[in-house]
Amino acid sequence: MSKLYNINIERAILSSFVFDPQLFEKYGPQLKPDHFFHPFHQSLFEAIVYLFENDKPIDEEFLKDYLEKHNRFNEIEFLEVLAANPLSNLVVYIEELKEKARKRKLFYEVKSILQAAEIEDKSSYEIKSNLISFIEEYDNKTLNETRIINIHKVNEIEEKEPEFWLKSWLPIPKNAITFISARGGSGKSFLLLQILIRFCMENPNLKAFGWLSEDTVGISKSRMNKIVNKIISLKNPEKIFDRISIAGTDTMPIYIAETNNAGVLKVSEYFYQMKKELSEFDLIIFDPLIAFYGGEENSNTNARYFMNLLNTWAIKENKTIVLSHHSRKEDNKVRGAGAFVDAVRLHYELKNIDKKSKNPDTFKTIFVEKDNWGVKIILGGDKVERQIFPQSAKNTTNRKEGIGKTTLYDDF
């Protein structure tokens, strides 16, 4: 029976409405009392609706007063709701709440029909007829709530052009996935860090997160300082760094999707927790992709499922996602299944610059390998040269132990 309800989710949703009434204004109209299984939760939701519709504060005292007047107050259950952790993004949890309510409705109605058939000794045809009649009626009543396709009439759609972050430097599509591939040691990490910094410079009210799973956070911080000092010449980076967060080798990467015991790729049990912890960030970078992907790298089916999860997250929760991936050394082609690239709107490939160009040791060429949203028009071509490294490795006296050439960065 527990699969037909989740008391913890019910408490968390109600707690969110109490602690942030604006969330109720946004999500409350999507819910009805019978979406909640627990009788007290139904009563509490009705109380919240009443207070909201009558322009009264949705707080503990007013809720308690309403419930006591209707003889439905339960102090223990009320405290359990208040003690639940509020949710910052309710979309997934509300959908699960509604889905469990639909399952309860189907379960109880079908059970009732079958029990009546047993008592009244109805024929198999009559039982089947009653079941079909119920299902058709149920479908008609819940069609709008249970639609799996959002159908839009073209003449009712508001026209909208693609939008980009960092349009004047390296365009990144908003609320979509950008794919950046490169061979090992080509400066990928420096490029990703520069994207984080420039994003927060361009957007003073937004936040960015980079999960750079191959480096320690200390190394990433050192590289960021070099970028702001040597490339961007940012005098006071503290305000920018305050809106950038990173994770590194001190945190084990979380599989967004992984194969279960039957060998089928499914969404990871940690995915929703990860989304909750990253809810405050507008730009999210995963480096490299393979560290967060628990499927077969060459399977298009697995890759498509994984990318669909990220695309849905980006669209529904207004996230801009950047994925980095390794290229094959022999031909610079993206490693693994083609479905990784097929699922994104934009794919950049980081390559060495022409040695005849200026500063070939600090600059790289970024090629537009796939462009669905007109980035080539913005850039004026299919490639652009950008400074990636803060200074040439030739200008330093630091030498890697055991290597007979001068170098400064691990990426060289």
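This briefing describes some strands and helices of the structure above. The model is predicted: local features need pLDDT of at least 70, side-chain atom pairs count only at pLDDT 80 or more, and totals for chains, interfaces and linings use all residues. Residues are numbered from 1 along each chain as its sequence is written, and side-chain values use heavy atoms, with hydrogens and water left out. Helices (H or I, at least four residues) and strands (E, at least two) are DSSP runs, numbered from the N terminus.

**Strand S3**

- All six residues of S3 (residues 177-182) are buried, where buried means under 20% relative accessible area with a 1.4 Å probe and protein chains only.
- In a regular strand the side chains alternate between the two faces of the sheet.
- Ile177, Phe179 and Ser181 point one way from S3, and Thr178, Ile180 and Ala182 point the other way.
- S3 runs parallel to strand S10 (residues 320-326), and six bridges join the two; strands pair if DSSP finds at least two bridges between them.
- Opposite Ala182 stands Leu350 in S11.

**Strand S8**

- Strand S8 (residues 283-287) is mostly covered, with five of its five residues buried.
- Leu283, Ile285 and Asp287 point one way from S8, while Ile284 and Phe286 point the other way.
- Strand S4 (residues 208-212) runs parallel to S8, joined by five bridges.
- Phe286 in S8 has Trp211 opposite.
- S8 pairs with S10 in the parallel sense over four bridges, and Leu283 has Thr320 in S10 as its bridge partner.

**Helix H12**

- H12 (residues 300-316) has 17 residues and reaches 24 Å from its first C-alpha to its last, close to the expected 24 Å; the expected span is 1.5 Å times one less than the number of residues.
- Buried residues of H12 include Phe306, Leu310 and Trp313.
- Asn318, which follows H12, has a positive phi, near 55°.

**Helices H8 and H9**

- The axes of H8 (residues 188-202) and H9 (residues 217-231) come within 10 Å and cross at roughly 65°; axes are lines fitted to C-alpha atoms over the stretch in contact, and angles run from 0 to 180 degrees between N-to-C directions.
- H8 and H9 are therefore roughly perpendicular to each other, a term for angles of 65 to 115 degrees.

Notes: Buried < 20%, exposed > 50% of the residue type's maximum accessible area, 1.4 Å probe, protein only. Parallel < 35°, antiparallel > 145°, perpendicular 65-115°, else oblique.
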